[in-house]
Amino acid sequence: MLGRSSILAHLNPPQQAAVTYGEGPLLILAGPGSGKTRALTHRAAYLIKEKQVPPENILLLTFTNKAADEMKIRLQKLLVPSVNSVNSVNSASLPFAGTFHSFCARVLRRYGQAIGIPPGFTIYDTSDQKEAIKQTLRKLNFSEKKLAPTAVLKTISQAKNEMITATEYPQYARGPWQRDVAEIYLAYEKMLRQYQALDFDDLLLKTVQLFRSHPEVLANYQNQFQYILIDEYQDTNQAQYLLTRQLVGKWRNLCAVGDASQAIYGFRGANYRNLLTLQQDFVDLKTINLEQNYRSTQTILSAANAMIKKNASHPVLNLWTQNGAGDPVALYEARSEIDEADFIVNTVATQTLRQPSFSPADFAILYRTNAQSRTLEEAFLHAGLPYRLVGGTRFYDRKEIKDCLAYLKYWTNPQDKVAFKRIEQIGKRRAEKFLKFKEKQAPSLSTLKLLDKILQTTAYLELFDSQSETDLAKLENIKELRSVATQHPDLTNFLENVALVEQENGVDQVNQADQVNQGVTLMTAHAAKGTEFPIVFVVGLEEGLFPHSRSLLEKDKIEEERRLFYVAMTRAKSRLFLSYARRRLYFGQRTSNPLSRFVNDIPTDLLEFINESLLE
């Protein structure tokens, strides 16, 4: 059996204070790299070992299965150190650790019949939901062009996250579009009931409703869970906030861990203000700050601190470390996006040569939009350096890019039956419009003009919903294909270049199949949350790109962009490189945007300005 000293060993004083805190509500404001998961799991272990709280009386909630599994592994090591696998541990010896959704699914399987939900209900994923919405639109004789299923689904999801039911939504609907959605919402809910299905948002909404309408069911869970520990509290939405309030209603032993400065999922309905509301909900709330960072150098932290302090709507922690000052934050001004990519490739190659302890897997390149990966991918392929794309598909493998290429391939070679089959799959009417256009159009157009005319003639872009973050990313990818078209005005040369890159991609995938984790990591800043790397590049730091152009006119969105940059910066352990381009071919246009305001907020004494002469 572990003693108190071993549970508290290797914890700093604020972590120890959080772990040993007694009764009542506790907020742990934990900066990046400050050991928040360690504090959370050690607190659970402390309650079990020192306070003799039965594991079944503790509930740990988080947002991803990966995070929940990590909690279980850490708890297992603390509570049953002699066992090598969580699967080998008796589940009774561990508290429940899972996502909000998995917890709610358990509740509804057990008690959902009280509100008309059968125990064997099906859980619809995103594709199931989209198909159900399409069926609803057809049943109501609505056009998918007028009411894009993705946009309708997003609106319904937002309503459910705000605890607005299908019967309540009509009173909130404003304008014809929302009134149409209100009608669809009602029919969609009726269909889900008919199919005995719930979507992911229902899991939260229905559980809150169950607890409201059947207090005896809520009382069972309130009695059982004397201590509730929640990770990433800044990412909770309204339904999760209400669920938390319900569960802690009796014992009030809530331990919420979060950091408003890392709240980057507002577009998903997350509301970092739930952190601030805790002080109003619990007048006796105890707040403990975890500001000692174990990941980065002090220079990286000082740069991140100075930048994030410009946000005024939430508390900001002052990160510090005992790791030492480290190197300055490097800032590179590139001539173009190609020069920027070459600089990164050369730096990776040079660093790995000079320091054998470094491998490509120690490097990460973070960018604001998925479309930016294209130039970087090509640079790594040409240099023969391994890379892995996280959270996305390689540029030329993305469906929308393959669709556009099919039109262009068939244009230059009408015998390409593979391309034509794909064109037909895009849509028969679009295929007919494309063929009529091909018959009439002179073959002298540049690649860019031809691509634009094909997209216009076939109305291909109408397949995407401008209200959907996912579809906006796809539209950005198509715009980035215009950049390639600009560089290769001759269609034959364009297609040859694409084929060569695709071939290099294929060879690279074969050569690196057994080294998938050994390459340089490429990912968006959003995807980087929860990761860390010895050396990090944050690229494309220009106004309109990072911060993104869609955020420039709203203070709340600019602050979220600033938090996103903060998350990106604090992924770096030993070295941080920032880069921007004087001129960038982006979305098919050559632009010259000023340096990102976020970089201007970093004190110059923390920066090392790299120019071309230093690279020679």
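The accessible surface of the protein, in this predicted model, comes to about 27200 Å², and 49% of that area belongs to carbon and sulfur atoms (areas by the Shrake-Rupley method with a 1.4 Å probe). Because the model is predicted, local features need pLDDT of at least 70 and side-chain atom pairs count only at pLDDT 80 or more, while totals for chains, interfaces and linings use all residues. Residues are numbered from 1 along each chain as its sequence is written, and side-chain values use heavy atoms, with hydrogens and water left out.

**Overall architecture**
- The protein has 24 helices and 17 strands, taken as DSSP runs of H or I with at least four residues for helices and of E with at least two for strands.
- The radius of gyration is 27 Å, close to the 25 Å that the globule rule gives for 616 residues, so the protein is as compact as a globular protein of that length (C-alpha atoms; the rule is 2.2 Å times the number of residues to the power 0.38).
- Along its principal axes, the C-alpha trace spans about 80 × 65 × 45 Å.

**Burial and contacts**
- Of the 616 residues, 55% are buried, meaning under 20% relative accessible area with a 1.4 Å probe, protein chains only.
- Among contacts with a separation of 6 or more, 78% join residues 24 or more positions apart, a contact being heavy atoms within 4.5 Å.

**The site of G112**
- G112 lies in the loop between α5 (100-111) and β4 (122-124), and G112 is buried, with a relative accessible area of 0%.
- Not counting residues up to four places away in sequence, G112 touches V107 and I117.
- G112 and K206, although 94 residues apart in sequence, are 8.2 Å apart in space, C-alpha to C-alpha.

Conventions
Buried means under 20% relative accessible area, exposed over 50%, partly exposed in between (1.4 Å probe, protein chains only).
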